[in-house]
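Here is a short report on one protein model.

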Amino acid sequence: MNNTKTEKISPWELLKPAVILLIICGICASLLAAVYVITKEKISENALAEESRAIMDIFPEYASHETVKMLHKDCLTVARVYDSENNLLGYAATVAPMGFKAEINTVVGVSVDLKVIKTVITSMSETAGIGTKVNNPSYLDTYIGMSTDIAFGNGVEAISGATKSSKAFLSGVKSAVEACGVLYGNGEPKGGN
């Protein structure tokens with residue numbers, strides 16, 4: 001015969017590890033939320049500073065801009081860019097098309113006649129050495145002078161091995177030019193801001 005004693009385990013002993021784990025998870029989640037609240041404003045300030053640097057890179061005479069929220073395909077905002085004498089220099093559209101791994105955040109400078117002046121990638125997480133080739137100055141320069149008829153084979157080519165990143169970037173630039181056309185087709189605002 002087997003003379004083994006069976007101990008009776010209380011319900012608390014069964015639940016104790018789960019309760020401890022729940023408390024630890026709650027503390028971690030609270031700390032993570034606190035860090036988010038503390039850093040959210042600084043992250044937003046850094047993003048705005050990066051956008052302003054990109055606008056200055058595109059428009060050397062840049063003095064000020066006024067931004068309009070614009071949700072047109074990949075386009076997030078369009079800014080009217082002015083010089084120090086308040087003359088309209090063009091538009092700066094912020095786009096975030098989805099690349100292979102993540103969004104390719106870009107500021108696209110668009111002239112008053114709706115042609116690409118310059119593109120500046122502000123952040124991206126594409127595969128190093130492959131998808132990051134879209135940030136090569138010689139590739140970015142192929143977009144200069146393009147309008148809404150941007151397409152592969154029409155002055156712009158996809159990058160071999162980085163087709164998804166190339167398509168995303170092209171989509172973002174095209175969306176930027178289209179958004180500027182929707183808002184300011186003749187240089188004046190269309191509709192409400």
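This is a predicted model: local features need pLDDT of at least 70, side-chain atom pairs count only at pLDDT 80 or more; totals for chains, interfaces and linings use all residues.

Residues are numbered from 1 along each chain as its sequence is written, and side-chain values use heavy atoms, without hydrogens and water.

Five strands form an open, antiparallel sheet in the order S1-S2-S3-S4-S5. Strands are DSSP runs of E of at least two residues, helices runs of H or I of at least four, numbered from the N terminus; two strands pair if DSSP finds at least two bridges between them. S1 (64–72) and S5 are the edge strands with a single partner each, so one side of each has no neighbour in the sheet. The twist averages 20 degrees from one strand to the next. Angles run from 0 to 180 degrees between N-to-C directions, with axes fitted to C-alpha atoms, for helices over the stretch in contact.

| Helix | Strands | Angle |
|---|---|---|
| H1 (11–58) | S1, S2, S3, S4, S5 | about 150 degrees to S5 |
| H3 (163–184) | S1, S2, S3, S4, S5 | about 110 degrees to S1 |

**Glu126.** This residue sits in the loop between S5 (116–123) and helix H2 (137–140). Glu126 is buried but has no salt bridge; Lys101, the nearest side chain of opposite charge, is 7.3 Å away. Buried means under 20% relative accessible area with a 1.4 Å probe, protein chains only. A salt bridge needs a side-chain nitrogen of Lys or Arg within 4 Å of a carboxyl oxygen of Asp or Glu. The Glu126 side chain has a polar atom 2.7 Å from the backbone nitrogen of Phe100.

How values were computed
Buried means under 20% relative accessible area, exposed over 50%, partly exposed in between (1.4 Å probe, protein chains only). Lys and Arg count as positive and Asp and Glu as negative; His and the chain ends are not counted. A polar contact is a pair of N or O atoms within 3.5 Å; within protein, one must be able to donate a hydrogen and the other to accept it, and residues adjacent in sequence count only if both atoms are side-chain atoms. Contact means heavy atoms within 4.5 Å.
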